[in-house]
Amino acid sequence: MSEPLATAFFLATFGLLMVISVMLGRTAERLGVPIVLLFLLLGMLGGSDGLLGLDFNDYEFAFRAGTLALVFILFDGGLNTSMRSVRNAIAPASVLATAGVAITAVLVAVGARLMGFDWSHALLLGAVVSSTDAATVFAVLRGSRLNLQKRVGLTLELESGLNDPMAVILTATIAEAMHSGGSIGSNIAWEVPVQLVVGAACGIGFGFAGAFVLRRIHLRAGGLFPVITLGLALLSFGVTTMLHGSGFLAVYATALIIGNKEIPYRTGLARIHDAVAWLGQIGMFLMLGLLVYPSQLWPVAWQGIGLALFLAF
């Protein structure tokens, strides 16, 4: 199919899936199905092996779009987290987001090794699945009727915002070590603390700078304020990553600082960022579903299900 018809077909199909996802969201909640699982299944349904037959296998685009979506999701999460909540939950959340992620990665690697994977691929697999997904946790905690104790809910939410950097660092470091033939252990021992410290420092710096700009700048239209905050989210991630820090941690820290300062147009900013975060969640999981070829899953189904059950227990 030639352009512009190919682009028009992709956009129409993706738009239809987004509308259906939102319309079926309430039904999924009543049935106890996680809403992000619904997005993923609808993406698979629209993919090349599904009913709509949309052939999408652009992994580079998916990586960039997924990164953008996660930046906006983490920014919204930080924007709605109070500093008092952070002080109350930072200790257990930090342990879970660092040592917890590392222990999970090692345990899954052991399970994968018992299933026949070599150690390097087993460790890579463990690192990939070691963290809870921030988009999923935010959607479940804020979109469901769970009545958790306040400290437990805050710890889960904060941990999900902090553990992505750790999992990304582990995954990238292991992949780089596999590619270069270096030592995985020594690379992790160096990369993890450096990226976390640089990410936190940059995020705090961008947060205070962003809050200062938002309080001082005078704009004719209120709709321009979210343009600035979205730009700050992208700037925080991009600059921090180029400085060899954790861009995801920086984005969360930037939003956390801004969200706890007196800034103009706060209510409007909260609504817009909530909408952008939902758009990111729906778009990311639909896109991940489109990347899946169900016909290719059967040969590895028993290994995938076995590792999933192992991880759950």
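This is a predicted model: local features need pLDDT of at least 70, side-chain atom pairs count only at pLDDT 80 or more; totals for chains, interfaces and linings use all residues.
Leu52 counts as partly exposed because its relative accessibility is 37%, and partly exposed covers the range between the 20% limit for buried and the 50% limit for exposed.

**Aromatic pair**

The count of aromatic pairs comes to two. One of them is formed by Phe237 and Phe248, with 5.1 Å from centre to centre and 55° between the planes, and is classed as tilted. This pair links distant parts of the chain, with Phe237 in helix H10 (residues 225-242) and Phe248 in helix H11 (residues 247-259), 11 residues apart. Both Phe237 and Phe248 are buried.

**Gln195**

Helix H9 (residues 184-216) contains Gln195. Its relative accessibility is 13%, so Gln195 counts as buried; the limit for that class is under 20%. Leaving aside residues up to four places away in sequence, Gln195 touches Ile169, His244, Gly245 and Ser246.

**Accessibility of two residues**

| Residue | Relative accessibility | Class |
|---|---|---|
| Leu52 | 37% | partly exposed |
| Gln195 | 13% | buried |

Note on methods:
Residues are numbered from 1 along each chain as its sequence is written. Side-chain values use heavy atoms; hydrogens and water are left out. Buried means under 20% relative accessible area, exposed over 50%, partly exposed in between (1.4 Å probe, protein chains only). Rings of Phe, Tyr and Trp (its six-membered ring) pair if their centres lie within 6.5 Å; planes under 30 degrees apart count as stacked, over 60 as edge-to-face and the rest as tilted. Helices (H or I, at least four residues) and strands (E, at least two) are DSSP runs, numbered from the N terminus. Contact means heavy atoms within 4.5 Å.
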